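Dear colleague,

Please find below the structure that I am handing over to you, together with its sequence.

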Amino acid sequence: MSMRKRFQGPRRAKCCAARGALRAALLFPLAAGAQTPGALHVPSPDWRDAVIYFVMIDRFADGDPGNNDQGKGEYDPRDHRRYSGGDLRGVQQRLDYIQGLGATAVWITPPVANQWWNPDTRYGGYHGYWATDFSAVDAHYGTLADYQALSRALHGRGMYLVQDIVVNHTANFIRYDRRWKAGEPARGFSLITDSQGQHAPTQAPFDRNDARDPVQRSEAIYHWTPDITDYEVRDQYVNWQLAGLDDLNTENPVVRRAMRQTYGDWIRKVGVDAFRVDTALHVPEDFFEDFMHAGDAQAPGIATVARQTGRERFIAFGEAFKVDKAFQDTQARRIEVYATPAADGTRRLDSVLNFSLYGATLDVFAKRQPTAELAWRIDNMMQVHARPHLMPSFVDNHDVDRFLASGSQAALKQALLAIMTLPGIPVIYYGTEQGFDKRRPAMFATGVDAGGRDHYDTQAPLYRYLHEAIALRRSHPVLSRGTPRVLASDAKAAGVLAYTMQHEGHQLLVAFNTADKAQVLTLPAGSFSASARMHSVFAIHGATPDQAADAQGGLQTLLPPGAGQVWEVEGPAAR
């Protein structure tokens, strides 16, 4: 067959594409309608098969305008630094939208009581990472009953709840000036009073934060340290304040017990199914051995609490905001320590967010770097990480710029297809499916940077595209369980990238072209079994032709610019 005819594609490919769209519609109806609330406690899923939708509560949906303004100068939907009005009821009300996309779990930013407005930094805790009480729901987000209702609503749909948690720090109350000196906690010390009139967290023992009091100093709930100035010094990295946030003494047994009790209660009372652990790399590794597996009968480890509620596969994945440079894995190896069992075999975290894959994906698809960079990263992550299939992968999130801040929508489609066809748990950051290019705008009309309109359009091009890409992943278990084998990449420029995913006799071929012009994909002899047939199951740009390997197991085909194509390979995998 000529290259021209291959590019145009036969009628069979169009039929396959139509069947794929029908399959997607059957798997993930866009209007799920009213659902019966489920149980608070449900068995864990196999997280390898999950697709997570990540919601910043304050910016996603406003289900109860009555809780927006708590009267402390913290609420202003015109100001990106302040609360905008999103809440837990809003998340629940938009579950049809989330499930229609194809997501199987919802990850929410910390729902706990936060410092609402810090006059010293002139910024608010709308994001959830400035806790004043780890055990209570923030008044802007609703009530405990609202949170339980969200959990039940998810479980009733066969979906799961991921709660973002913080163990490294509280809100910013402690301040040190230049007089600080190690071993003299009261020197240069002062406390910040926030807009609520508080100068300490309200939850014990975290309320013991005054270094001028000898008793509180001796209790050592905090590290009594200033801001990190050198991120290469380990003592600073794990014991000093990150961006002014008060660093907890996580070596202290009192702090450890309080954390286990508090976060265990969220599982017991709300039915949380997984944790994402913020700033995990700023906490000593052995903290997580205790946090997950402590044998304390009154405050057992999180894994024990999860099992007691029927969650045998509860996972906790850590955030370690470290991105490796191209063809380097220093940071990947550094963060893998947190997911590596201790000497006695005790597991720490189950996995960590795959920031290095994120970096390579952004470079290759958005910034048009040589595709060999991503090819190398794929091979490397399978070597460095013990459980790559449990590492959440993403193209953007709340801590980095949106993909569309530097890349095109065509490139975004390629990047999303990559995370849907590689090992790891795909995470979709809210608004990516609506083409957001700002980091934290609101989805609802009255919220910040929303432009006066809602953004829940299920007919939006990126929403429809993601709906189909997620359907591809969920209808082919080889994509969530398989092992990648890189077959082609370009070492000098944007161009082709091809790999197979193989698992238990099933094999898919995935190919991209990141160049502006059509490129010939040439796979060498032995890539497949002789004359293997390949049926098109997905393409970014409409229908694509089926393929066949030659008698030596090689393949040559034309990839249009911006291509992202997937074929199901018949016959045994090549050795």
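The largest nonpolar core has 149 residues, and those with the most contacts inside it are Tyr-53, Phe-60 and Tyr-263. A nonpolar core is a set of buried Ala, Val, Leu, Ile, Met, Phe, Trp, Tyr and Cys residues joined through side-chain atoms within 4.5 Å. Buried means under 20% relative accessible area, exposed means over 50%, and partly exposed lies in between (1.4 Å probe, protein chains only). Apart from this core lies another, of 17 residues, including Ala-488, Val-496, Leu-521 and Val-569. In soluble globular proteins, nonpolar side chains tend to be buried together.

Please note that this is a predicted model, in which local features need pLDDT of at least 70 and side-chain atom pairs count only at pLDDT 80 or more, while totals for chains, interfaces and linings use all residues. Residues are numbered from 1 along each chain as its sequence is written, and side-chain values use heavy atoms, with hydrogens and water left out.

Tyr-263 is in contact (heavy atoms within 4.5 Å) with Phe-134, Gln-163, Ile-165, Val-166, Val-167, Phe-275, Phe-291 and Ile-302, not counting residues up to four places away in sequence.

Tyr-53 and Phe-60 are both buried. Their ring centres are 5.8 Å apart and their planes stand at 65 degrees, so the pair is edge-to-face. Rings of Phe, Tyr and Trp (its six-membered ring) pair if their centres lie within 6.5 Å; planes under 30 degrees apart count as stacked, over 60 as edge-to-face and the rest as tilted. By this rule there are 36 aromatic pairs. Another edge-to-face pair is formed by Phe-327 and Trp-376, with 6.0 Å from centre to centre and 75 degrees between the planes. Phe-327 belongs to the loop between E9 and H12, and Trp-376 to helix H14 (residues 372-384), so this pair ties together parts that are 49 residues apart in sequence. Phe-327 is partly exposed at 45% relative accessibility, and Trp-376 is partly exposed at 28%.

Turning to the sheet, helices (H or I, at least four residues) and strands (E, at least two) are DSSP runs, numbered from the N terminus. Two strands pair if DSSP finds at least two bridges between them. Eight strands form an open sheet with parallel pairing, in the order E10-E9-E8-E5-E2-E1-E12-E11. Strands E10 (351-352) and E11 (392-393) stand at the edges with a single partner strand each, so one side of each has no neighbour in the sheet. Within this sheet, E5 (residues 160-166) and E8 (residues 274-278) pair over five bridges, and Asp-164 has Arg-276 in E8 as its bridge partner.

A separate pairing, antiparallel over six bridges, joins strand E13 (residues 483-489) and strand E14 (residues 496-503). The two are connected by a hairpin of six residues, and Ala-488 stands opposite Ala-498 in E14.

Is helix H15 mostly enclosed or open to the outside? Nine of its twelve residues are buried, so H15 is largely enclosed by the rest of the structure. Among the buried residues are Leu-412, Gln-414 and Met-420.

Finally, two loop residues deserve a look. Ser-84, between helix H3 (57-60) and helix H4 (88-93), is buried with a relative accessible area of 1%. Ala-320, between strand E9 (315-318) and helix H12 (330-336), is buried at 3% relative accessibility and touches Leu-281, Ile-335 and Phe-355, leaving aside residues up to four places away in sequence.
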